[in-house]
There are 2 protein chains.
Amino acid sequence: MGRWEPDARGRMVLAALELYGERGFEQTTALEVAQRAGVTERTFFRYFADKREVLFEGSKGLQEAVVHAIAAAPDQLAPFAVVGSAMERAAAYLEGNREYSRRRAAVIAANSSLHERELLKLATLAGAVAEALRRRGVAPLPASLAAEAGVTVFKVGFDAWISDEATGDFTECIRVALDQLKGLTAGA
Amino acid sequence: MGRWEPDARGRMVLAALELYGERGFEQTTALEVAQRAGVTERTFFRYFADKREVLFEGSKGLQEAVVHAIAAAPDQLAPFAVVGSAMERAAAYLEGNREYSRRRAAVIAANSSLHERELLKLATLAGAVAEALRRRGVAPLPASLAAEAGVTVFKVGFDAWISDEATGDFTECIRVALDQLKGLTAGA
C-alpha cells in the first residue's frame with residue numbers, strides 16, 4: 001500500500017486527541033495534528049474550521065439522529081417521553097465509543113475554550129430538539145423546557161456512563177437519569 | 001464636581017453594552033470601552049480580565065445569592081423544591097434590571113464568543129448549585145440533575161421575562177416554568 005490511506009478525518013480526530021492529551025490543547029497547533037495524522041495543514045482546514053472543531057466532528061450526526069427520532073415518534077407520545085426516547089437514540093449512537101468518549105471528555109475538561117465549545121454544541125442540540133418539538137405542535141415554552149431537560153439527562157447520563165463507577169451501558173445510564181429526574185420533579 | 005465620578009465599574013458595563021450594540025463586539029476594543037466610560041485602559045483591566053468579562057460582572061453575585069438560598073432552605077425541603085426557591089431568589093436578584101437584561105441578551109445573542117461565555121457561566125452556576133445540594137446530603141446524580149433542571153428553569157424563565165410578550169415579572173416567569181417542567185415530566 002502507498003502513502004494514501006482512507007479515513008483522513010478519523011486519523012486527524014485521533015491525532016488531535018493524542019496531542020491535546022499529551023501536550024495540552026493550547027500548546028498544539030493544527031499543523032502538528034495534521035502531521036501526526038499524515039496529512040497537510042491545508043487538508044486539516046478543508047475538514048475543520050479550527051483546531052477546536054476536530055473534537056466535535058460527531059455533533060452533527062448525533063443531532064440529526066436525535067431530530068429524526070423526535071420526528072418519527074408516535075403522534076400520541078407526550079413531549080417529555082418523545083425527548084426521552086430521542087436521548088436513548090443519542091446514547092445508542094455513541095454506545096460503542098466509550099473509551100474514545102472518556103478520553104475526549106478528559107481533554108475537554110482540561111481546557112476552558114474547549115469546554116465553552118462543548119457547551120455551545122449542547123445548546124445547539126437543545127435548540128434543534130426544541131424546534132423538532134415545535135414542529136410536532138408543542139408550544140414554545142414547553143418545547144424549550146422539554147428540550148433543555150432532555151439535554152440535561154443526556155449530559156448527566158453521559159457523565160455516569162464514562163465514570164469509573166459506571167454499572168451499565170449508555171442507554172441504561174440515560175434511563176436511570178430520566179427516572180431520577182421524574183422522581184425529583186414529582187417530589188417537589 | 002470634578003472629573004472623578006463614582007462607580008467606574010457601572011460606567012464601563014454600560015459603555016460596553018452601548019459599543020457592542022452599536023458596532024459589534026469584535027469591532028470594539030477594551031480601550032474604546034474605557035474611553036467612553038471616562039477611564040484608562042489600565043483601569044479597565046484592573047476590573048475585568050478581558051472585554052467579554054465586562055458583560056458578566058453580575059454572575060458572581062447571582063451565584064452567591066443562589067448558593068446562599070440553597071444553604072438556608074429548610075432541612076425537610078425536597079431537592080427540586082430547594083432549587084426552585086433558589087431560582088426565585090435569583091429572579092429577585094435581577095428583578096429591577098429588565099431593560100439592561102434585554103439589551104445584554106441581544107448583544108450576547110449576536111456573537112458566538114459571548115454566547116459561549118454565557119453558557120460557561122450558566123454551567124458554572126449549575127456546578128455551584130449541585131455542590132450546594134451535595135452539602136445538604138443529596139447524592140451526586142440527583143444533585144446534578146436537580147441543579148441542571150433548575151438552571152434550565154432559570155434560562156427559560158429569563159427568556160420569557162425579557163420577551164416582548166412577557167406578562168409577569170421574573171419571579172412569576174420562574175414559577176410558570178417550574179410548574180410547566182413538573183407537568184411535562186409527570187406526563188411522560
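**Salt bridges and the A–B interface**

Good morning. I begin within chain B, where B:Glu22 and B:Arg36 form a salt bridge whose closest N and O atoms lie 3.1 Å apart. This pair joins distant parts of the chain, with B:Glu22 in helix α1 and B:Arg36 in helix α2, 14 residues apart. B:Arg36 is partly exposed, at a relative accessible area of 38%. Please bear in mind that this is a predicted model.

A second bridge, between B:Glu88 and B:Arg175, has its closest N and O atoms 3.2 Å apart. Here helix α5 is linked to helix α9 of chain B, across 87 residues. B:Arg175 is also partly exposed, with a relative accessible area of 43%.

B:Arg104 is buried, because its relative accessible area of 13% is under 20%.

I now turn to the interface. In chain B, 31 residues are in contact with 31 residues of chain A. The two chains bury about 2900 Å² between them, 76% of it on carbon and sulfur atoms. B:Glu116, B:Leu145 and B:Leu184 supply 23% of the area that chain B buries against chain A, more than any other three residues.

Which charged contacts cross this interface? There are six salt bridges between chain B and chain A, and A:Glu116 with B:Arg52 forms a salt bridge at 3.2 Å, N to O.

Note on methods. Residues are numbered from 1 along each chain as its sequence is written. Chains are lettered from A and ligands numbered from 1 in the order in which they are written. This is a predicted model: local features need pLDDT of at least 70, side-chain atom pairs count only at pLDDT 80 or more; totals for chains, interfaces and linings use all residues. Side-chain values use heavy atoms; hydrogens and water are left out. Contact means heavy atoms within 4.5 Å. Buried area is the accessible area (1.4 Å probe) that two parts lose on being put together, summed over both. A salt bridge is a side-chain nitrogen of Lys or Arg within 4 Å of a carboxyl oxygen of Asp or Glu. Helices (H or I, at least four residues) and strands (E, at least two) are DSSP runs, numbered from the N terminus. Buried means under 20% relative accessible area, exposed over 50%, partly exposed in between (1.4 Å probe, protein chains only).
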